[in-house]
Structures are given as C-alpha cells and as structure tokens.
Amino acid sequence: MLFAAVAVASIVAVEAVLRVALPTPPGYFVIPPGTSWTIAASPGVVRGVNGVAQYRINSDGVRGRPFGDDVREFRLLAVGGSTTECVVLDESEVWTNVLERSLAHTTDSRNVWVGNVGKSGLTSREHVLHLKYLLPQYPHINVVVVLAGVNDMLGALKQGLAYRAPVPVTEPDGERRDLRRAFAVLPGMGHLPATDDEVVPWYRTTAIWDLARRAKRRWLLQRSVEPAGSEGLVRARSHRGAARVLDSLPSLDAPLRVFRKNLDVMADIAATRAVRLVFVTQPSAWRETMPEAQVRDLWLGWLGAGWGSAQAYYSTGALARAMESFNEVTRDVCRARGVECVDAAAMMPRDTTMFYDDAHFTEAGSRRLAAILAGHFASRPPFVNK
C-alpha cells in the first residue's frame, strides 16, 4: 500500500510539473505547433522532387512564416489536404510559399502573408471546421483559399455501392466526431490522435500521455528522414499494377450532395466573417488514356478499406470522370454563390512534369499552381487599382 501511495503521488507530481513545463498550446491546431522534420525524397520513386526538404510548423500551427503586423499584412490562408500540405516539398517549393513570393506586396504596400494549414487525408468536412474555428482564432485573415475534392472523391469510391452519407458536420454529433480528425490539438485536450471514438479516455488527456506521444512522434519522424515513403509507395504502386481494374463508377449522387453542402457551409462561414473565399478545383494526372509509364506511377483509387486489402482499383478514366464530377460541383457552387473560383484542374497539364503520382505535385507542378493562383489574384484588388 505504501508503494502504491508513493507511486500515485509521484505520478501526480510528474503530471503537475509537466502541465506547467509543457503546457498544451491554447486553441485549435491542425498540426501541432513546433512540428519539424527533414525529408529526403527518393529521386527514382518520387520523380520531380529533388534534394532534402525541410518541413516546419510555426507556433501558430501554420506552415509558413509567423504573423506580422495586422495593419501591414494582407493575409491568405490555404486550407486543403495533402495537395495543399505538400509534405515532400521543401518550404521554398510549397505552392503557398511560392505564391507569397510571387504576390509580394499589394498596391497599398502591405506585405503578403500566405499560411498553409493543409493536412493529408482531410476532406471538405474537416475544412468546414477549419474555417469555423481558425478564422476567429487567427489574426485577421483577408482570404481563404480552399483546394478540396480529391479526398472526398476517393473516400466515396472506397465504399463503392456501400456508400452511406455521414452525419452532417454541421450537426453536433457530426462535428464532435470530426473535430479530432480536423485538429491534432484541441483546447484543453492536448495532442490527440484522429479517432472516431466519441469519448476520449481520461488518460489520453494527461500531460504524461501527451509527452509520450510527442516523443514517439519525434522518433518516428527522425526515422522517416530516409527516402520519404519510398518503400511504401513502391509497394502501393505494385499492388495497384497487379489488381483488378474497374472502369464503371458507383452512383456519386449522394457524395456529391455532401460535398456541395460542405462547400455551401464554408461559403456561409466566410460570408459571416466577411472573409473573401476562393475555391480551387482539384488538378490531377488522371485521364481516359495514359502512357503506361505514367500509369505505373499511380497508387490511389481503390475499392475497399485500404490499398493493402483493396478489392479492385478504378481505371484512370473512371477516376478522371469522378474527379471532374467533384470539380464541376465546385464550379457550380462558385457560380451559384458568387464565390471566386480558380479552375486549376483545367489549366494544369496532366503529366509527369506536374505530378509524381495521381495528384501530388512535383516541384514544377507546385510552381505552376502558384503561378495560376498568382495570376488570379494579381488581376484583382488589392493588387490592381479598382
């Protein structure tokens, strides 16, 4: 009993010290502040990405430079999935940073700030929550740029004919389940793994658990400094190449309605907060017919829970048609709501100079997207006089 009492007292003391020494950042963070690692992409596997890439998240949870003076900055916040995060690209090559350098200054001499809160795997459901919680938290944001659609589309295709619309993220149950996918850090809850569980066990909210997770994450990231994802990407490509191919699509009516609803909600949130919203259609490499060498670079588009247990893969033509359906919803919402639309999907070549796989940008692809966006903004105030 004495030993147990001493052990409990020691744990309580350690917990108290850690809560003071390693406080959880207050607020909502898509990726934990201070996250940093170095990635070396294998040139033979991740083509079009060269050298060593630095990945850093600042104290505000943003991939980009810290906020400056409110009065002297024009701020754009980029929201999206892996094609926004661009995890294998160096900070200097990520399209958000290239866009910031391209725009540089407004006509009234404000410095342009472009922040990136993209995170791999997230969908329009999580982006709704990003706008809802980040816009009140961050210093005044002038523009939100949303690049979305591919994860919504791939998520629907994984389920195939078994697709069931999720509880809307605008409803309390839907939001509660999605918050921990949308944010790696929540107020008062520390660094939490994404989960569908509605109740977080008490021990996962302790500072001791948080410290252990941080240590594990750092260890895993240090181990990933070797050629980034090369082995897994090679296996995924091989699995796709040997799988059965489906050229027909399941009905996309329900997932398209869900996607449209989420875009509408984002438009509502932006309008309420008087923030300019720009939707960007999702570029991808998929098309009806593709060179066999390029097809071998693909790995996405399976039917089933994961690529390791995929029942089959959709053809490049089927994926192109599905992606176009989601992009058309984006265009239609923009027309209906009077929201700005950058049709990047129609303006980017669908070849290996732009993509190293299905939809992720090479360094040249990232620069091309930045140039497309820079052209859109440069022709409008505050970069030209009215």
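## Overall build

Of the contacts in the protein between residues at least 6 apart in sequence, 76% join residues at least 24 apart; contact means heavy atoms within 4.5 Å. The model is predicted, and local features need pLDDT of at least 70, side-chain atom pairs count only at pLDDT 80 or more, and totals for chains, interfaces and linings use all residues. Residues are numbered from 1 along each chain as its sequence is written, and side-chain values use heavy atoms, with hydrogens and water left out.

The protein has 13 helices and twelve strands. These are DSSP runs numbered from the N terminus, helices being H or I of at least four residues and strands E of at least two. Of the 386 residues, 52% are buried. Buried means under 20% relative accessible area, exposed means over 50%, and partly exposed lies in between, with a 1.4 Å probe and protein chains only. The protein exposes about 17400 Å², of which carbon and sulfur atoms supply 58%; accessible areas come from the Shrake-Rupley method with a 1.4 Å probe, and for residues only the protein chains shown count as cover.

Helix H5 covers residues 150-159, and seven of its ten residues are buried, so the helix is largely enclosed by the rest of the structure. The buried ones are Val150, Asn151, Asp152, Met153, Leu154, Ala156 and Leu157. Their cover includes helices H2 (82-85), H4 (124-137), H9 (253-272) and H11 (316-337), along with strands S10 (302-303) and S11 (312-314). Just after H5, Gly160 has a positive phi of about 60°.

Thr123 sits in the loop between strand S4 (111-116) and H4. With 14% relative accessibility, Thr123 counts as buried. Leaving aside residues up to four places away in sequence, Thr123 touches Asn151 and Asp152, which are among the buried residues of H5.

## Two helix pairs

Helix H3 (residues 95-103) packs against helix H13 (residues 363-378) at an angle of about 40°, with the axes 8 Å apart. Axes are lines fitted to C-alpha atoms, for helices over the stretch in contact, and angles run from 0 to 180 degrees between N-to-C directions. H3 and H13 are therefore oblique to each other; angles under 35 degrees count as roughly parallel, over 145 as roughly antiparallel, 65 to 115 as roughly perpendicular and the rest as oblique. In H3, Trp95, Val98, Leu99, Ser102 and Leu103 meet Ser366, Leu369, Ala370, Leu373, Ala374, Phe377 and Ala378 in H13. The residues of this contact of H3 with H13 are ten nonpolar, two polar and no charged. Ala, Val, Leu, Ile, Met, Phe, Trp, Tyr, Cys and Pro count as nonpolar, Asp, Glu, Lys and Arg as charged, and the others, Gly among them, as polar.

The axes of H9 and H11 come within 10 Å and cross at roughly 35°. The residues of the contact of H9 with H11 divide into eight nonpolar, two polar and five charged.

## Backbone details

Ala104 lies in the loop between H3 and S4. Ala104 is not a glycine, yet its phi is positive, at about 65°; the residue is partly exposed, with a relative accessible area of 28%.

Ala274 lies in the loop between H9 and strand S9 (276-280). Its phi is also positive, near 55°, and Ala274 is exposed, with a relative accessible area of 64%. In the segment after H13 is Pro382, and a cis peptide bond with omega of about 5° joins Pro381 and Pro382.
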